[in-house]
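Me: I have a two-chain model open and would like to learn how to read it, one feature at a time. Could you give me the general idea each time, and then the case in this structure?

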Amino acid sequence: MDYFAQQLINGLVLGSIYGLIAIGYTMVYGIVGMINFAHGDVFMIGGFIALITFLILISFGLTAIPVILLVVLLVSMAITALYGWTIERIAYRPLRHSFRLAPMLSAIGMSFVLTNYSQVTQGARVKPIPPFITGGYTLHESPDGFVIQLSNIQIMVVITTVVLLAIFTWLVSRTRLGRDMRACEQDQTMAALLGVNVDRTISMTFVIGAALAAVAGLMYLLYYGLVDFFMGFVAGIKAFTAAVLGGIGSLPGAMLGGLAIGLIETFWSAYFSVEYKDVAAFSILIVVLIFMPTGLLGRPEVEKV
Amino acid sequence: MTAPSTNTAKPATGLASLLKTALINALVALVLFSLMVGIRTEAGSDGQLTYWTRFGELASLVAVVFGGSIVIELLRQWIGPTGAERLVPPAVQSGMSLIGRYLTPALLIFTVLVPVIFYDQRYILDLAILVLTYVMLGWGLNVVVGLAGLLDLGYVAFYAVGAYSYGLLATNFGWSFWICLPLAGILAAFWGVLLGFPVLRLRGDYLAIVTLAFGEIIRLVIINWQSLTGGPNGVSGIPRPSFFGIPLDNSDDGFAARLGIEYSPTHRIVFLFYLILALALLTNWVTIRLRRLPIGRAWEALREDEVACRALGINTTTTKLTAFATGAMFGGFAGAFFATRQGFISPESFTFQESALVLAIVVLGGMGSQLGVALAALAMIGGFELFRGLETYRMLVFGMAMVLIMIWRPRGLIGHRAPTVYLTKAQAISSDLVKEGHG
């Protein structure tokens, strides 16, 4: 039972990270109708930028951890958001009215560019950082010595995710930008006729998605204490699985799917085998798409001829 | 040439706006590259991260972006809007088709003669074998992507199935290549159907992601099922192919000894070359023949419009499954060839990048054009060889090329295949006939 509870905590934390990435997928799919294959790599870039900012701040002699964290968060969100914007501008916007597979292939190309760009600029080796946020709470200690730990970093990841999700839900449901986004999602031509700047709205979608991916990258860096240039690929597929599981196009769905994938992966590793945890995640993707193509909270897609 | 007047409205504000655009681009580049290029991190020997600055590289990159955007902007103003697909004039078109008619036999004859011309140059022969392997993979994937229009991102899975089928059967049971080759194809086709069944209802992007996941699952299983596949260590000591039972080695009953000529290791290379050439031509021949059968027509109809296809009474289930199985079978053949040529296989050869490379070849070749795919494979693998010295930059350039090709000519660089049959004349239907209530 204690083991189960500990895995539950771990799974929820991992799921929060997946959920943050999944929001980027689901938003872009909702508006442009394409899988932003490079999104996992944007997450990786976010992690790298957070790492570099950390290093610089520390070498400047900053010691106040909350200040460091805040600066790192803002810097990596800002720069990664610019990456998202640039990617959309270069690789996707010229293809918006092209044939169906073109944006997908362009996105795969972009994913290769980003992966190898960070390999070329930062080297192929894994980059570890010393643990910044240490300590935690012991929730329960069983007689046979098994301890349920809740570390501070885990609390931070979950709180950050919840806060961001709240801000984000407000953004989409209450602001002008959110209304524009929902309008574009329903009918781009009609939205444009009614004075919505479609190009700008789509750009903003990519910017927000990339910013959230940057947060996920930072959380990953803090939680696992390392980044490497290849981490975006698998994380990206899993987050996409989460988005599909939750119902693509639905924001709460993306978060829910992220949590589900995080939990499944953690429990699979804990009770079955660590080696096959990725196989489990990919199999879920296949199974969900076959039996539940609209996901948990998605709307059924109407086939237009 | 055709319309010089369209761009004359701009030059009044030309220089100022040009510089402004370039400045903005340079600024964006500065922010993008500031940390990733300007700072280099590396873990030291004690695990402590250190960093050093590279502002020189950063400055030169930003300068390149600044200059590059000026050049691109100028080119755009001179040439006219890029991205618009222009129609090729009929005179050029007929000239191209004339070249096209003679290009194929000329290329084929040249390919057959390659081992004769370059007999002494081992490097060129090896490269030619590699190119032909990708030509075959491209033609195999072409059935799925180019003809049936099903975007398959996990094609390398079938390549892996073929390679491991031969590798394991040959090392464990000592079966010969010629027995294993059809088996590898059948097994791969079986896996193709197995993948095909669940994805029947999916289309477009979803299909792509599921095939990608499938490819990764196969690779992960190969890595982790150590007792069968040897895990990351791979399978080694895979037997070389024999000339229909006669080994191509230095022994007494070897190929050279029986013919009474002096043994040379090049014999085997030449044999491998003709083997892959034969396999590739078989792929091509089968594809061309299939295209004339109802099933080939059904594939093309499926690619053009699935809903219309179903309305016409074509069984989309079997159509999709046969496309997957046919494509997978050729992938399996190529995999078996790869295993016998290398003598060693490991999961590292079957990554997603490989799938993307084959897909890029098909897309570059114009999705469905057989000649286009062959030329694209030559261009791709040849291009990769040019960048061999710059190993780390290779995939970077590859990714950029993929994006640029999609933007520049999304329908393929070299060829484009239109449907084999189509209505020659658009028939206007009187509105009286389709009015509501008359149906």
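Predicted model: local features only at pLDDT ≥ 70, side-chain atom pairs only at ≥ 80, totals over all residues.

**Reading the model step by step**

Reply: Let us start with one residue: Ile288(B) is exposed, because 12 other C-beta atoms lie within 10 Å of its own. The general idea is a count of neighbours, in which a residue is buried if 20 or more other C-beta atoms lie within 10 Å of its own, exposed if 12 or fewer, and partly exposed in between, with the C-beta atoms placed from the backbone.

Me: Is Glu306(B) buried or exposed?

Reply: Glu306(B) is buried, since 20 other C-beta atoms lie within 10 Å. Glu306(B) is placed in helix H12 (residues 306–311) of chain B, and its C-alpha is separated by 11 Å from that of Arg201(B), which is 105 residues away along the chain.

Me: How many helices and strands does each chain have?

Reply: Helices (H or I, at least four residues) and strands (E, at least two) are DSSP runs, numbered from the N terminus. Chain A has 11 helices and four strands, and chain B has 16 helices and six strands.

Me: How do I judge the overall form of chain A?

Reply: One guide is the radius of gyration, taken over C-alpha atoms, with a globule rule of 2.2 Å times the number of residues to the power 0.38. For the 305 residues of chain A a compact globule would have a radius of gyration near 19 Å, and chain A has 19 Å, so the two agree. Along the principal axes, the C-alpha atoms of chain A fill a box of roughly 65 × 50 × 40 Å. Buried residues make up 51% of chain A, and in chain B 39% of the 439 residues count as buried.

Me: How do I read a helix such as H1(B)?

Reply: Begin with its length, for which the expected span is 1.5 Å times one less than the number of residues. H1(B) has 23 residues and reaches 33 Å from its first C-alpha to its last, close to the 33 Å expected. Then look at its faces: an α-helix has 3.6 residues a turn, so residues three or four places apart point the same way. In H1(B), the buried residues are Asn25(B), Ala29(B), Leu32(B), Phe33(B), Leu35(B) and Met36(B). Their cover includes helix H2 (39–59), helix H3 (65–92) and helix H4 (102–122) of chain A, together with E1 and helix H2 (55–79) of chain B.

Me: How many residues of H5(B) are buried?

Reply: H5(B) is mostly covered, with 14 of its 18 residues buried. Just after H5(B), Gly174(B) takes a positive phi of about 70 degrees.

Me: How do the two chains meet?

Reply: Two residues are in contact if their C-beta atoms, placed from the backbone, lie within 7 Å. By that rule, 46 residues of chain B are in contact with 54 residues of chain A. On the side of chain B that touches chain A, H7(B) gives the most, with 13 residues. The residues of this side divide into 35 nonpolar, seven polar and four charged, where Ala, Val, Leu, Ile, Met, Phe, Trp, Tyr, Cys and Pro count as nonpolar, Asp, Glu, Lys and Arg as charged, and the others, Gly among them, as polar.

Me: Which residues touch the most other members of the largest nonpolar core?

Reply: A nonpolar core is a set of buried Ala, Val, Leu, Ile, Met, Phe, Trp, Tyr and Cys residues joined through C-beta atoms within 7 Å. In the largest one, with 212 residues, Ile361(B) and Ala377(B) touch the most other members. The largest share of this core, 17 residues, comes from helix H8 (residues 198–224) of chain A.

Terms used: Residues numbered from 1 in each chain as written. Chains lettered and ligands numbered in written order.
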